[in-house]
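Please keep the sequence and the model in view while reading.

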Amino acid sequence: MLAAPYIVTLLFQGSETSTETEKTETIIEEKLLPQERADDQEMDEEEYLAGIIAEEISLEYQPEAIKAQTVVARTSLKRALANKEELPQSMSREEMLSLWGQDGFEKNYQALEEALAATEGEIMTWKNEPIYAAYHAVSAGKTRDGKEALGVKMPYLSSVDSSIDIPSHDYLKVVFMGKKELADKLNQACPEAELTEEGLAEQIVVTKRDSSEYALEVAVGKQTMAGEDFRDCLGLNSACFSIKEVEGKMRIVTKGMGHGIGLSQYGANEMAKAGSDYKEILKFYYKDVTVQKDME
């Protein structure tokens, strides 16, 4: 996911640029795109947004699911700009051409254009502010409560049933690791853990879970790790996991893919298949938000 020079004329570049658009382009240029561009043109916000969507979701998904992700991406971009945070990563057209080939590029870029046009200017707000539009690939059967997962109360990030995710091939994954490999990785991440191969299963214990069964804290020998840090250390699909010794190896079973907060992309796609439109999808996964045109 790298930002690279643009090699074709920008689709969304207008003949005139407003002061606000110029400000946006300047921020984008300074914060995330310092490199030279082959066409020596500045990019507008919707063009940048197209690259974010291409990074975040498969364009083989249903149109309504892609539209939902488009509003998620636009909301995240607006929030980042407003708070002067790091911007979401965006894929250049050069990267899209390399990834998809010419035929795939034309098909997929058309899907991007259609989603952008159908949701033009729309973001999700809570009390008139862009929300933290968290999303993930596949839930563990229900999404996570934001307060439990993040430690910050965000009423719109409440846990919802997403058992529609269970048929996903990414819902369940089983990984076997040798005891030495597992102990070495965790000892490197936690120098004071002092894990040993003997009795390793008893030395790794999930001590705290949230209401959606994701690990919040894991005792690792003499240290404690956050559930997401444990996941990252071992490259697990999610922090919703169980671990035990089986036939001399350590078996780790995970449910879901990603952090489990906010919109489930797989769930959104299944809802779209069943006839839900993008606003219904968004209001299912983000409680009591307003989907509105950005007024800036």
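Predicted model: local features only at pLDDT ≥ 70, side-chain atom pairs only at ≥ 80, totals over all residues.

The partner of E194 in a salt bridge is K222, and the closest N and O atoms of the two are 2.8 Å apart. K222 counts as exposed, at 63% relative accessibility, because the cut-off for that class is over 50%.

The two residues belong to distant parts of the chain, 28 residues apart: E194 lies in the loop between helix 6 and helix 7 (200-203), while K222 lies in the loop between strand 6 (215-220) and strand 7 (223-226).

## Other salt bridges

In the whole structure, a search finds 14 salt bridges. One of them joins the side chains of E245 and K179, with 2.9 Å from N to O. This pair, too, links distant parts of the chain, since E245 is in strand 8 (residues 241-246) and K179 is in helix 6 (residues 179-189), 66 residues apart. E245 is partly exposed, at a relative accessible area of 35%, whereas K179 is buried, at 18%.

A further salt bridge brings together the side chains of R231 and E228, at 3.0 Å from N to O. These residues are three places apart in helix 8 (residues 227-234), and they are therefore separated by about one helical turn. R231 is buried, with a relative accessible area of 16%, and E228 is partly exposed, with 23%. Through salt bridges that share partners, R231 and E228 are joined with R144 and D210 into one network.

In soluble globular proteins, nonpolar side chains tend to be buried together. Here the largest nonpolar core has 24 residues, and those with the most contacts inside it are M124, L263, I281, L282 and Y286. Helix 3 (63-83), helix 9 (265-273) and helix 10 (278-285) each supply at least two residues of this core. Another core, which lies apart from the largest one, has 21 residues, among them I52, I57, L81 and L116.

Which residues does Y286 touch, if those up to four places away in sequence are not counted? They are V72, M124, I131, A133, A134, Y135, Y156, L157, G262 and L263. Two of these, M124 and L263, are also named among the residues with the most contacts inside the largest core.

## The segment after strand 11

D294 has its place in the segment after strand 11 (290-293). Although D294 and E120 are 174 residues apart in sequence, their C-alpha atoms are 9.1 Å apart in space. When neighbours within four places in sequence are left aside, the residues in contact with D294 are K78, G121 and I123.

How values were computed: Residues numbered from 1 in each chain as written. Heavy atoms only, no water. Salt bridge = Lys/Arg side-chain N within 4 Å of Asp/Glu carboxyl O. Helix = DSSP H or I, 4+ residues; strand = E, 2+ residues; numbered from the N terminus. Buried < 20%, exposed > 50% of the residue type's maximum accessible area, 1.4 Å probe, protein only. Core = buried A, V, L, I, M, F, W, Y, C linked by side-chain atoms within 4.5 Å. Contact = heavy atoms within 4.5 Å.
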